Amino acid sequence: MQLLSNHMLSKLLTRNVCSRISNNLCAATVIRRDFSSPKSEKRQKLLRYPALKLDKTIEKFLKTCEPLLTPEEMEKTKCVAEKFVSEDGKKLQTLLEKAAHKEENWLSNRWLKAAYMQYRDPVSVWSSPGMTFPMKFFINDDEWLRYAAKTIMGMIKYKRKVDCGEILVVKMGKHELDNSQFKLVYGTCRIPHPQEDKMDYNPDSNYVVIIHKNHFYKLPVYDKSGEILNADVLEGQLIRITSSQTERGIPYGVLTTNKRDDWADAYAELLKSAKNAETIRTIQKSLFTVSLDACVVAFKNTILADRALQLIHGGNVCRNGGNRWMDKTIQLIVNPNGMSGFCYEHSPAEGQPVALIADYLSKIVSKEDEFKTGSSKDFERYTKLEFDTPTDCTMAQIDEASSNLNGLVNNFQLHVIQFKDYGKGLLKQHKLSPDSFIQMALQYAFYRLHKTPAAQYETAHLRIFYGGRTETIRSCSNESVAFAKAMLDEKMDDKQRAELLRKAVDGHRKYTSMALMGEGIDRHLLGLKLMAFENKLPTPEFYNSPGYIKSMHYRVSTSQVASKDDAYMCYGPMFDDGYSCCYNPREDDIFFGVGAWHSNKETCAVRFSKSIEEALLHMKKILGPPPTSDADKKGSADADKKPKSKL
């Protein structure tokens, strides 16, 4: 086995798609509205991110490795781990504790650098998710542009809430959750550089950038006094923009979909022109970009996947792949076919702010009264952003990026299902955590398909800490494997299987609670490895052990993104032989967005989706009907006392 390289570590770390609040902990409680204002000097009551005890972390680590290893591999891992605790790990732990003593959150800046800024694969598919909005039906282009205008205005109204400190501060148990990420999604852009990117923050920007037919336009969204522009004004501007060019422009945006070092080279070439530098700087400083895409025909049997793919990569360059600027934290994408949503580059923040913006837009976009306010005078009109005549070098780089994007589009397989047999409502009747239940369904689905357990990654937020980002929930356990095996064992009866399911669900719920409190495994082990890098010390043998290598090879990368809407998030798998699975559990159904790579012959998104559906149906069967509550029993008894009819 080879040691995980920095590149592979970055690829692994980047799949932290979305933060969530566990169903198993106390529901979030609103406590005040005074956070998020740049003018406010008040600080939230958050925790410092700790350096955990090494022996406790290794103890938990060994337990999570066991279901993935042979007895010989487990024994070797134990020996290496014991040596690590007493020797190299002990030294690194001292260094980590010193860092934790000096910094409120020793992880946050290191995480941004290791997980994102040093990540060299394309952000397209590999890193940036697509978040769908509910489907719309536009009769004509006027309705399409009206919807786009209202969505832009709605996003600016939400930003005003952030600026005025009106974003609700919530608690998980007795702990407040950090709201600082809400300030980081507007006006933020990733800047390509060789080996390590930079971040650029422009929260006071007053415009967005419209991308249409690969052309770029600066569109102010406030009047000269700072009032938000009315949707009618924005719609009029969009009509003029879309009428101004009949031919597609050079797809400069496709350069942002390429590998980061290749994009950095192309970026340096573009900046040799002062005109290009000014245009690119204008794009980077915008609050967000808006891609008004060319209409794509959606097919009935693939419409769910098509909705997400349009956001994730836009298809090849002949479709909408060049009508993007992938470095922007938020890209709003609207298609005349009624499909719309976000693609977000989540270096500065997890998915929670973006998901809440989407929820907010869904609530207000159909309310015309929401868009009758705002200014309709004394505003600056849009301006077209011009690029210089491209050099031969730039054209060659665009051709290469186009070819690479087309290859990525062809390799990525996405299958989205809406499981309609039941949702979280039924699971709550069985007194089972919906999230933990679904995680066990994914474990079982993988096992029944591949006849081996999978290291499975789920994201947990760390928002009880200053600048908290994410921790890993390790969903594969001895309990999950015992449950999966029992489901395929004909000698087992359904009662035994149900008992093992409940044990597996309970084990996952406990690990989730632990991870949300900052007591997981992965970030601590990462911190120790980073201490070795920073202090120019050799990487300990522990990081080359079978347990570390196999338990970090997450063949199933998952996240829950909950929404009451007909909406879901999708992204690419973490590893070549793995799956991605983002799900939205609603009361009576569950959306699953399953990704795989065509280039790998072992995996198939369609087969895994089918296995998930079959696993969910089998699990429902072994549980039987939900228990009847006392209230239901009383209601039934009262009904029995009533006469059957007036006669």
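His-430 is buried, with a relative accessible area of 4%. In this predicted model, the residue sits in the loop that joins α13 (424-429) to α14. Its side chain comes to 3.3 Å from the backbone oxygen of Gly-624. Apart from neighbours within four places in sequence, His-430 is in contact with Arg-502 and with a run of residues made up of Leu-623, Gly-624, Pro-625, Pro-626 and Pro-627.

Asn-335 is found between strands β10 (330-334) and β11 (340-344). Buried means under 20% relative accessible area; Asn-335 has 0% and therefore counts as buried. Its contacts, again leaving aside neighbours within four places in sequence, include Phe-138, Trp-144 and Asn-320. Asp-293, Ala-294, Cys-295 and Val-296 are also among them. With Val-296 there is a specific approach: the side chain of Asn-335 reaches the backbone nitrogen of that residue at 3.4 Å. Gln-310 is another contact of Asn-335. The two residues are 25 positions apart in sequence, and their C-alpha atoms are 8.7 Å apart in space.

| Side chain | Backbone atom reached | Distance |
|---|---|---|
| His-430 | oxygen of Gly-624 | 3.3 Å |
| Asn-335 | nitrogen of Val-296 | 3.4 Å |

Helix α15 covers residues 478-488, and its buried residues are Ser-480, Val-481, Phe-483, Ala-484, Ala-486 and Met-487. What do the buried residues of α15 pack against? They pack against three helices: α14 (434-450), α16 (494-516) and α19 (605-623).

The remaining values concern the chain as a whole. The protein chain contains 20 helices and 19 strands. Its radius of gyration is 25 Å, which agrees with the value near 26 Å that a compact globule of 647 residues would have. Along the principal axes, the C-alpha trace spans about 90 × 70 × 55 Å. Of the 647 residues, 59% are buried. Among contacts with a separation of 6 or more, 79% are between residues 24 or more positions apart.

The accessible surface of the chain is about 26,700 Å², and carbon and sulfur atoms account for 51% of that area. The chain carries 93 positive and 81 negative side chains. The centres of these two sets lie 4 Å apart.

Notes:
Residues are numbered from 1 along each chain as its sequence is written. This is a predicted model: local features need pLDDT of at least 70, side-chain atom pairs count only at pLDDT 80 or more; totals for chains, interfaces and linings use all residues. Side-chain values use heavy atoms; hydrogens and water are left out. Buried means under 20% relative accessible area, exposed over 50%, partly exposed in between (1.4 Å probe, protein chains only). Helices (H or I, at least four residues) and strands (E, at least two) are DSSP runs, numbered from the N terminus. Contact means heavy atoms within 4.5 Å. A polar contact is a pair of N or O atoms within 3.5 Å; within protein, one must be able to donate a hydrogen and the other to accept it, and residues adjacent in sequence count only if both atoms are side-chain atoms. The radius of gyration is taken over C-alpha atoms; the globule rule is 2.2 Å times the number of residues to the power 0.38. Accessible areas come from the Shrake-Rupley method with a 1.4 Å probe; for residues, only the protein chains shown count as cover. Lys and Arg count as positive and Asp and Glu as negative; His and the chain ends are not counted. The place of a charge is taken as NZ of Lys, CZ of Arg, CG of Asp or CD of Glu.
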